[in-house]
Amino acid sequence: MLLTDDDRAMRDGRDGDAVAAAMDLLVRYGEGLGAERLCSVRNVAGTSTQPTPAKEKIAAEGGWNKAYAVINLDCDDEIEIPKMRVPTCQLQHGFSADALNITPYNPHLVELQAEAEAFASDRGINILATCTPYQVGNLPVRGEHIAWMESSAVVYANSVIGAKSNCEGTASTGAAGLTGRIPYWGNHLDENRHGSHLIRADVPIDSFLDWGLFGYFAGQVVQEERPVLTGELALPSQADLKHLGAALATTGGVEIFHLPGVTPEAPSVEAAFGPHRIPDPVAFTASDRRRMYELLNNQGNTEDVDFVLLGCPHASLDQLGEIAALLDGRSLHPGTELWIMTPRALRAVADRNGYTEVIQRAGGRLLTDSCPAMSRTAPAGTRVFATDSAKQAHYLPAILGIEAWFGTTADCVQAAITGTWTGELS
């Protein structure tokens, strides 16, 4: 791999043992990928704070420096972790202290995470604690090379913002924060960002639910490729694009999509495909829409709903406002819990806007930092849950062994109020 003088100096120990270990990891990683060189990044989003049994064991034996070295740098040496070289943030992790006595999350894990957060923040890592860092201040610019984890965040950064990232991991982002480098391959190269498939919606895509169903279908079609989405598409909101990208990255490994006239690299279908021939379209029909809906609902048999989950990816202020309006003056069913996940920074605004008061008065909970899939936590005794997230309907039944219903936000709020699933595809 071609290294700059600065790369070699970092690898050879100029900036200390931790940076040298980080460069060693990135060189090995890049060579394994076939990358010819590294590129500079100035924005890293990773994870180093969520407690796990392995991390707890390492930290107990050697402290948090050791835990970062082993898990985030693939290094067994005793090294001191310095401050990050470039702006770096922590994505979502486990529940924090504000979830105590609300969720059945282990209080011991809350304590461990607080220790890890203190260690990380002392080293310049911003604890955003969300899967949607672009909603709370970490907003790259178009064309910027970044190193991000989290599938829905990466697809949003590439497709909606026009930044350039592959879907990185715990170790590569751990090393990128200390060096400001990442292998130059995949989505960092312009020639790898053109569309590969043309997906045409032959039914209107004009609601949050439909953007999720469309993404769930397109991800199945393209797998790890790059869909160009056309047809009867309404102008999407930020929440729609967030939901679309999460669904694409759930049934497929999509890291970039193009909506001609909406996303930055696709002013037209022709621009989205660049030098490549525009392929014949794959149609998304009314029967496909029905099939996706039924597929997401084939894990629910019992109409009694114990738990309703909203906010995956983490809810925006507009979504919180909609949920509050649906709950205003209502009360939850005594046997049903409602959790709404949002970034902590947006929770503060929701408090100020009065949304939190309305949600709590109805019996709902506005929670931050995590989600049931990340923390593997749901209300005690949960057997059946409902959600407006295609991603959570896909994953949570396997993670927690529970049944799932998928529908509109209004369907889910109604289930929380009545304790019964009555959602239907209109």
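What is the volume of the second largest pocket? The second largest pocket has a volume of about 320 Å³, where a pocket is an open set of points on a 1 Å grid over the protein atoms alone, at which a 1.4 Å probe fits, with protein on both sides within 12 Å along at least five of seven lines. The volume is the space filled by probe spheres set on the points, which are joined across faces, edges and corners. The structure is a predicted model, in which local features need pLDDT of at least 70 and side-chain atom pairs count only at pLDDT 80 or more, while totals for chains, interfaces and linings use all residues. Residues are numbered from 1 along each chain as its sequence is written, and side-chain values use heavy atoms, with hydrogens and water left out.

Lining residues have an atom within 4 Å of a point. The second largest pocket is lined by 19 residues, and those closest to its centre are Ser207, Phe208, Leu209, Glu322 and Thr409. At least two lining residues come from each of helix H7 (208-222), H8, helix H11 (317-327) and helix H16 (409-418); helices (H or I, at least four residues) and strands (E, at least two) are DSSP runs numbered from the N terminus. By class, this lining divides into five nonpolar, nine polar and five charged residues. Ala, Val, Leu, Ile, Met, Phe, Trp, Tyr, Cys and Pro count as nonpolar, Asp, Glu, Lys and Arg as charged, and the others, Gly among them, as polar.

The largest pocket holds about 450 Å³ of space. Its lining has 25 residues, of which Cys371, Ala373, Met374, Ser375 and Ile399 are the closest to the centre. Helix H3 (53-73), helix H14 (372-375) and H15 each supply at least two residues of this lining, and the largest share, four residues, comes from H15. Twelve nonpolar, nine polar and four charged residues make up the lining of the largest pocket.

A crossover is right-handed if, with the strands pointing away from the viewer, the path from the first strand over the helix to the second runs clockwise. E13 pairs with strand E14 (residues 403-406) in the parallel sense over four bridges, two strands being paired if DSSP finds at least two bridges between them. Strand E10 (residues 307-310) is joined to E13 by three bridges, again in parallel. Thr387 of E13 stands opposite Leu309, and its bridge partner in E14 is Phe406. Strand E13 (residues 384-387) is covered on both faces, with Val384 and Ala386 buried on one side and Phe385 and Thr387 buried on the other. Buried means under 20% relative accessible area, exposed over 50%, and partly exposed in between (1.4 Å probe, protein chains only).

Parallel pairing also occurs elsewhere in the model. Strand E7 (residues 197-205) pairs with strand E8 (residues 227-233) over six bridges, and His197 stands opposite Pro227 in E8. E7, H7 and E8 form a right-handed β-α-β unit. Three parallel bridges connect E7 with strand E9 (residues 282-284), where Val282 lies opposite Ile199. A further open sheet consists of four strands in the order E4-E3-E2-E5, with parallel pairing. Its edge strands, E4 (125-127) and E5 (147-148), each pair on one side only. Within this sheet, strand E2 (residues 44-46) and strand E3 (residues 88-90) are paired over three bridges, and Val44 has Thr88 as its bridge partner in E3.

Helix H5 (residues 151-161) is mostly covered, with nine of its eleven residues buried. The buried residues of H5 pack against E5, helix H8 (238-251) and H15, contact meaning heavy atoms within 4.5 Å. Just after H5, Gly162 takes a positive phi of about 90 degrees.

Most residues other than glycine have a negative phi, and most peptide bonds are trans. Glu150, which is not a glycine, has a positive phi of about 75 degrees. Glu150 lies in the loop between E5 and H5 and is buried, with a relative accessible area of 14%. Asp369, also not a glycine, has a positive phi of about 80 degrees. Asp369 is placed in the loop between strand E12 (365-368) and H14 and is buried at 2% relative accessible area. The peptide bond from Cys312 to Pro313 is cis, with omega near -10 degrees, and Pro313 lies in the loop between E10 and H11.
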